[in-house]
Amino acid sequence: MSSPKPPKNPKNPTTLLTQLLQSVPARINFSRIKLKANARVPELHVQGPDDAEPQVYPLLGERFLMGRSSQNCDIVVRNAVVSQVHASLTRDRRPAKIMGILPGRSRFVMADEGSTNGIYRDKKRVRKVTLFDGDVLTLAPEDLDGSVRIQYIDPPAWYIRALRIGIFGLAGVSTLMAGAMALFWSQFSVYPIPNTVQGPTIVYDRDGAPLSPVPVNKSHVDIRSLSEVSKFLPQAVMASEDSRFYWHIGVDPLGTTRAVITNFRSGGIKEGASTITQQLSRNLLRSYVGAEDSAGRKIKEAMVALKLEATYSKDELMRLYLSRVYLGNGTFGFEDAAQFYFGKSAKNLDLNESATLAGILPAPSAFNPVRDGKTAREYRDRVLVRMAEQGRVSAEEATRARRSPIELSPKARELLANIKAPYYYSRVFDEIGELLGDDIAQEGNFIVETALNLGMQRQAEQSLKSAIETRGASNGYKQGAIVTLDAATGEVLALVGGYDYAENQYNRATQARRQSGSTFKIFAYTTALEKGATPNTAYSCAPLNWDGFTFDGCGIEGEVAMQTGIAQSYNVVALRAAKEVGLDQVIQTAKRMGIQSKLVATPGLVLGQSETTVMEMTSAFGVLANSGVKARPRTITRILDSGDCTDPRNPKTCRIVYDAAKEISVTILEPSVADAMTQMLRGVVQSGTGRAAAIGLDVAGKTGTTNSGVDLWFVGYVPDRKIVTGIWLGNDDNTPTGDSSAQAAMLWGEYMRQALR
């Protein structure tokens, strides 16, 4: 990788120095770099799953490439899930400013360089992100075996931190609170304390059966004093949620300032600032504070917190919090949680157990420590590290607890092993966050009605598992995903994200972005039909040169009609159709039909070079099945607030906060275009590459195979019933299967033959 050369006559010494630094070769031997003890150089800490300690890379240059290739990359990561060139780090020389006032240092920007497994932050894939001190990302999803943890270290100088706090924390927050207190103080009462308990989020299938058994506490009793809980428990809770609990007055100006600055810099909501008292205010006075994700709710929440602090002692507020907070799986307060998860009283919890329960607090509705032991350990360890850093326990105590196993109650394991449709269940909680906001979703107290067809779901799970166990080894695949939806409504009827949820919670149906192979050709052909072509429009079968790429011909002479080209999956026919209408038009069609992943306008796009998800592709085929009308894919049909009911014993009286029936479907394609595509896709199953998907009914669909069979696809539908199913088979580490998409078509036929009975 070459760097720009300095001009012959630099105008001043500063320019000369900058240009000399930029001309240093990018291949840096990091092991030879020796920095001064007080040098403030940004660092990248890279830690693979087998590394005891992270590798530290001082970022002295302007641009670095990271990946598996030692020839092309400056930061070499030897790991199967990492691409040859996975990501780049580029220094942004524009001076950073906080709130447009305070000067900052130049930042590094990390960008995905077309990797297969991507870059993730907070379990969400990112394409490009500006790095700030303490940011943690992973190469590949953290749930994927072999994922690599990356942390960016670039702390600002102490005087900058102090200045920021002084300007924004003390002045801004104090002024805001004083004005708001005068306005809101008389609108509510905090005495006596309401006798309420935060509720769980209960998820039901389409027939009204709960997906997760929720334990019913026969006699919930509040903790009477802090002496009734382990000495480690309040310390773990403060380390996790509110390190300055005994210092602030209900609203933490330092925490609020930090959150405001962090969110401003990152361009989104990356960090919250709710104190323990603010969380308690949402629990105790939910009817006043509300559940909407708005600035008004935040102000009300802060006002209640301030009044609580003025009325009750810190120990009393801590006692109430430990008694009332929701900790997942129908448990309210730490006494209930200790009994459920560990089979003991909260007073007898050790450090390891206290930190484990405190680790549940950030996401009690979504996080299940019984099923997801890896995340439980990760969250526990975060709490332990903070406790040691804050001096709440010694480093030796934290290390001993971190090296101890989490031994959960057998009764809890037995109960939670019975969760139905776990991949579907986990997707529901992701969708609650998308609909209501993560902050609200994590509070619980919801009744969620879903579209899940439990019979179809069980058949999907069984069919995928059987295919992997009977044919997977001989045909080179270990994983797969299935999505079935009703194209008319967008309702997801079944969703399987992998071979075994207990083994790995990574959802390959919604999280994994994979090259889609020839299934992507539908967007080229659909665009051609919109531009006036017909199924009989013919294109040459000769080899094609396009933008420096050469593509083989069909293997036959003359021209081939589009309907034959798609049935036999001839690449050059789809490429010529796309070239005629333009790649930008193909991308626009794909986006309109539901593809949200990044698409690159290169000829390989037509052959499925860009990555998509099984959910996206299944939804896009649903537009064709629904005669050109697009319905957003959704697992949830309704969400009710179980804390806002006219009759608490009757869920039908609860306030509806989301109703899918009010969503409007949109016409994306002319019905004639969609129906013509359906006719062409029938040929794929009747006489083309998808014959293995034939089930004795009218079926339309498309196969897709990527290079060396890394990804095997079949997406198909039954036009009369508008039921669409997408299937992917492959391996998490991109190991080639060596097989064809006929494997996916075969599984489609096996599954749908049973599911449509």
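Cys 645 has a relative accessible area of 18% and is therefore buried, since the cut-off for burial is under 20%. The model is a predicted one, and in it Cys 645 forms a disulfide with Cys 654, with an S to S distance of 1.9 Å. Cys 654 is likewise buried, at a relative accessible area of 7%.

**Disulfides and cysteines**

- The structure contains two disulfides; such a link is a covalent bond between the sulfur atoms of two cysteines.
- The bond between Cys 645 and Cys 654 is right-handed, because the torsion about its S-S bond is about 85 degrees.
- The other pairing, Cys 541 with Cys 554, has an S to S distance of 2.1 Å.
- This pair links distant parts of the chain, 13 residues apart: Cys 541 belongs to the loop between strand E19 (538-540) and strand E20 (544-546), and Cys 554 to the loop between strand E21 (549-551) and strand E22 (559-561).
- The link of Cys 541 and Cys 554 is left-handed, with -85 degrees about the S-S bond.
- Both Cys 541 and Cys 554 are buried.
- When the bonded cysteines are numbered in sequence order, the pairing reads 1-2, 3-4.
- Cys 73 also counts as buried, because its relative accessibility is 3%.

**Helix H16**

- Helix H16 covers residues 454-475, and its 22 residues should span 32 Å at 1.5 Å a residue; the end C-alpha atoms lie 29 Å apart, which agrees.
- A bend of about 45 degrees occurs in H16 at Glu 469.
- At the start of H16, a side-chain oxygen of Asn 453 comes to within 3.2 Å of the backbone nitrogen of Gly 455.
- After H16 comes Gly 476, which has a positive phi, near 85 degrees.
- The buried residues of H16 include Leu 454, Gln 457, Ala 460, Leu 464, Ala 467, Ile 468 and Arg 471.
- Residues three or four places apart in an α-helix point the same way, because there are 3.6 residues a turn.
- The cover over the buried residues of H16 includes helix H14 (422-436) and helix H23 (742-755), together with strands E16 (479-486), E17 (492-496) and E30 (723-730).

**Nonpolar cores**

- The largest nonpolar core has 114 residues, of which Phe 523 and Leu 681 touch the most other members.
- Beyond its neighbours within four places in sequence, Leu 681 contacts Ile 522, Ile 566, Phe 621, Leu 624, Val 699, Ala 700, Gly 701, Lys 702 and Tyr 717.
- Another core, of 46 residues, lies apart from the largest one; among its members are Leu 233, Leu 284, Phe 367 and Leu 408.
- In soluble globular proteins, nonpolar side chains tend to be buried together.

**Thr 375**

- Thr 375 is located in helix H11, which runs over residues 373-389.
- Thr 375 counts as buried because its relative accessibility is 2%.
- Excluding residues up to four places away in sequence, Thr 375 touches Lys 123, Asp 143 and Phe 367.

**Overall architecture**

- The secondary structure of the protein consists of 23 helices and 30 strands.
- Of its 757 residues, 55% count as buried.
- Among contacts with a separation of 6 or more, 66% are between residues 24 or more positions apart.

Technical notes. Residues numbered from 1 in each chain as written. Predicted model: local features only at pLDDT ≥ 70, side-chain atom pairs only at ≥ 80, totals over all residues. Heavy atoms only, no water. Helix = DSSP H or I, 4+ residues; strand = E, 2+ residues; numbered from the N terminus. Expected span 1.5 Å × (residues − 1). Bend = angle between axes of the 7 residues up to and from the residue. Buried < 20%, exposed > 50% of the residue type's maximum accessible area, 1.4 Å probe, protein only. Contact = heavy atoms within 4.5 Å. Polar contact = N/O pair within 3.5 Å; in protein donor to acceptor, adjacent residues only side chain to side chain. Disulfide = S-S within 2.5 Å. Core = buried A, V, L, I, M, F, W, Y, C linked by side-chain atoms within 4.5 Å.
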